[in-house]
Amino acid sequence: MAAAQEADGAGSAVVAAGGGSSGQVTSNGSIGRDTPAETQPQNPPPQPAPNAWQVIKGVLFRIFIIWAISSWFRRGPSPQDQSGPGGAPRVASRNLFPKDTLMNLHVYISENEHFTDFNATSALFWEQHDLVYGDWTSGENSDGCYEHFAELDIPQSVQQNGSIYIHVYFTKSGFHPDPRQKALYRRLATVHMSRMINKYKRRRFQKTKNLLTGETEADPEMIKRAEDYGPVEVISHWHPNITINIVDDHTPWVKGSVPPPLDQYVKFDAVSGDYYPIIYFNDYWNLQKDYYPINESLASLPLRVSFCPLSLWRWQLYAAQSTKSPWNFLGDELYEQSDEEQDSVKVALLETSPYLLALTIIVSIVHSVFEFLAFKNDIQFWNSRQSLEGLSVRSVFFGVFQSFVVLLYILDNETNFVVQVSVFIGVLIDLWKITKVMDVRLDREHRVAGIFPCPTFKDKSTYIESSTKVYDDMAFRYLSWILFPLLGCYAVYSLLYLEHKGWYSWVLSMLYGFLLTFGFITMTPQLFINYKLKSVAHLPWRMLTYKALNTFIDDLFAFVIKMPVMYRIGCLRDDVVFFIYLYQRWIYRVDPTRVNEFGMSGEDVSASASRAQVPTAAGALTPASSTAVTEEDASTVPKATPGASTASQPQEAPPKPAEDKKKD
């Protein structure tokens with residue numbers, strides 16, 4: 001939504017028109033033409049436009065670079081040597097539980113991470129005998145699944161934010177998981193896995209109040225807990241469902257060559273070299289909204305444990321989803337998804353039609369490609385731009401102000417680290433644009449605090465000498481008549497009816513909310529300049545087109561998926577501004593009668609082009625010019641100086657001397 005707004009508001013929207021012309025495109029958007037050798041060196045030949053396959057190859061190459069960087073961040077330890085003693089290759093291992101093995105399931109619940117109390121009957125939660133490894137047809141629903149439900153008594157330590165663990169043992173039929181029972185225990189006949197079944201979640205409390213009255217609508221109990229435990233409290237939460245999966249897999253894995261993230265789950269026996277059956281605790285479909293806190297008010301905890309076989313490819317999907325992000329090297333506190341973000345993906349997978357889900361994925365990929373192309377063209381446009389005629393420089397500065405407000409706002413609200421980095425990079429790009437629209441110098445004679453050189457800003461000559469600066473100042477003067485009253489009204493509303501942490505937070509939230517609500521107004525100065533110049537040839541239309549396509553995709557999602565009303569309004573207003581740009585492009589077409597800065601019009605070029613062939617001294621016909629002049633670039637062809645000789649015009653003979661005339 002805000003993508004088009006940021007680009008257009010900064011005056012950075014779109015590639016110069018006329019990309020289909022045959023001449024060379026110069027830095028200011030005009031079409032270069034051959035000039036006489038006496039006045040200007042010959043232009044280099046134009047570069048051929050990239051075809052579709054080149055564009056696809058470029059995009060695929062960038063995707064590969066991103067994949068390589070992310071793979072480097074998440075790569076694990078180096079693989080072990082696959083050669084055995086004496087340099088011989090390691091032999092492929094096998095599953096210690098062959099297919100159709102009879103086995104027993106033992107589930108224990110304990111407060112201890114390492115379980116040893118097998119004789120305690122209170123610790124035994126579930127025991128299921130004569131399960132068949134790889135059986136997909138038994139059970140109540142003929143799907144190989146079994147389940148058990150019971151109420152757990154809550155120990156006092158768990159009520160006081162303690163941990164509780166589930167310990168799962170699979171043994172071959174006739175064996176017991178207790179190592180102390182020597183006659184019934186076999187190491188190669190027992191596989192064990194345990195994990196903590198409660199989940200610790202951070203609950204953040206922001207102490208806000210009305211800055212005028214000092215009142216707040218927050219719960220008094222929450223305020224007291226915030227005073228006792230601080231603004232961030234770690235609370236144990238409970239979900240009543242968990243699934244135990246045993247993977248039906250007999251792949252001959254080789255120790256040291258199991259690909260990640262599967263290597264975290266495949267456990268090899270140190271003596272035999274074979275691997276144990278893979279046990280996976282599956283809580284992927286447990287929605288975050290269904291977790292509830294554990295406290296003294298709860299007398300018991302409901303728990304439903306399900307057992308199901310799992311295929312290898314489905315287990316690979318779950319393992320990939322549960323793998324930590326490559327950004328987790330920054331720490332869990334810096335990179336964490338909100339509960340709503342995690343639930344939204346799962347709900348979409350559960351409730352959305354497969355066809356609509358496939359369409360959503362395809363559209364999302366297209367959206368990302370357009371976003372990348374818009375970013376690339378924006379950088380290319382400002383990097384190669386030499387003339388600022390027709391571009392709003394003040395909008396660039398206002399875009400920097402917007403980016404700074406957004407950055408300070410997300411820092412004040414403790415947004416995750418990745419978002420902070422992305423916004424900070426956007427601020428750096430906006431600051432770089434200032435160096436392209438103004439002459440920035442460091443004044444070393446006048447220093448800030450006596451240490452740092454003072455930067456000085458000066459308008460570029462192409463901006464001052466044209467009428468763009470006058471129209472830009474006029475547009476922002478008219479804009480201030482609307483913007484400042486709206487800002488004052490919104491500030492009063494925010495102060496009277498909203499709660500804030502302090503005056504600093506009020507200023508940031510007020511500016512941020514105002515920019516979201518009325519930020520599209522800052523896109524109008526460029527429209528005003530286009531209106532005054534009666535031209536849109538100076539705009540980067542390609543980049544604006546990518547931004548507009550992304551906005552249309554946002555419209556589709558905004559009205560199909562449940563979203564806030566303000567977001568939908570924001571998408572609609574961006575569409576309106578873009579259609580105004582399209583209307584201006586339609587009404588401000590190329591005028592062949594307009595005289596350019598060389599005093600030449602399109603009609604003059606057309607007239608000269610009609611004399612395409614002239615006779616030479618030998619009677620042959622020589623083309624006057626091999627370059628076809630189109631209507632779009634006719635206004636940029638310099639007018640030939642009267643009386644100047646060219647290679648394409650016949651030379652008149654010099655007058656004869658008087659003596660020669662007498663001889664004749």
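In this predicted model, the axes of helix H11 (residues 468-497) and helix H13 (residues 524-533) come within 9 Å and cross at roughly 135°. Two packed helices are described by the angle between their axes and the distance between the axes. Angles over 145 degrees count as roughly antiparallel and those from 65 to 115 as roughly perpendicular, and H11 and H13 are therefore oblique to each other. The crossing in which H11 passes H13 is right-handed.

| Helix | Residues in the contact |
|---|---|
| H11 | Thr-468, Tyr-471, Asp-472, Met-474, Ala-475, Phe-476, Tyr-478, Leu-479 |
| H13 | Thr-524, Pro-525, Phe-528, Ile-529, Lys-532, Leu-533 |

Sorted by class, the contact of H11 with H13 is made of 10 nonpolar, two polar and two charged residues.

Another helix, H7 (residues 354-384), has 31 residues and reaches 45 Å from its first C-alpha to its last, which is close to the 45 Å expected at 1.5 Å a residue. The buried residues of H7 are Val-363, Phe-370, Leu-373, Ala-374, Asn-377, Asp-378, Phe-381 and Trp-382.

Turning to the whole protein chain, the model has 17 helices and 17 strands, and buried residues make up 36% of the 664 residues in the chain. Among the contacts in the protein chain with a separation of 6 or more, 75% are accounted for by residues 24 or more positions apart.

How values were computed:
Residues numbered from 1 in each chain as written. Predicted model: local features only at pLDDT ≥ 70, side-chain atom pairs only at ≥ 80, totals over all residues. Heavy atoms only, no water. Axes fitted to C-alpha atoms, helices over the stretch in contact; angles between N-to-C directions. Helix = DSSP H or I, 4+ residues; strand = E, 2+ residues; numbered from the N terminus. Parallel < 35°, antiparallel > 145°, perpendicular 65-115°, else oblique. Left-handed = near helix turned anticlockwise from the far one by under 90°. Contact = heavy atoms within 4.5 Å. Nonpolar A, V, L, I, M, F, W, Y, C, P; charged D, E, K, R; others polar. Expected span 1.5 Å × (residues − 1). Buried < 20%, exposed > 50% of the residue type's maximum accessible area, 1.4 Å probe, protein only.
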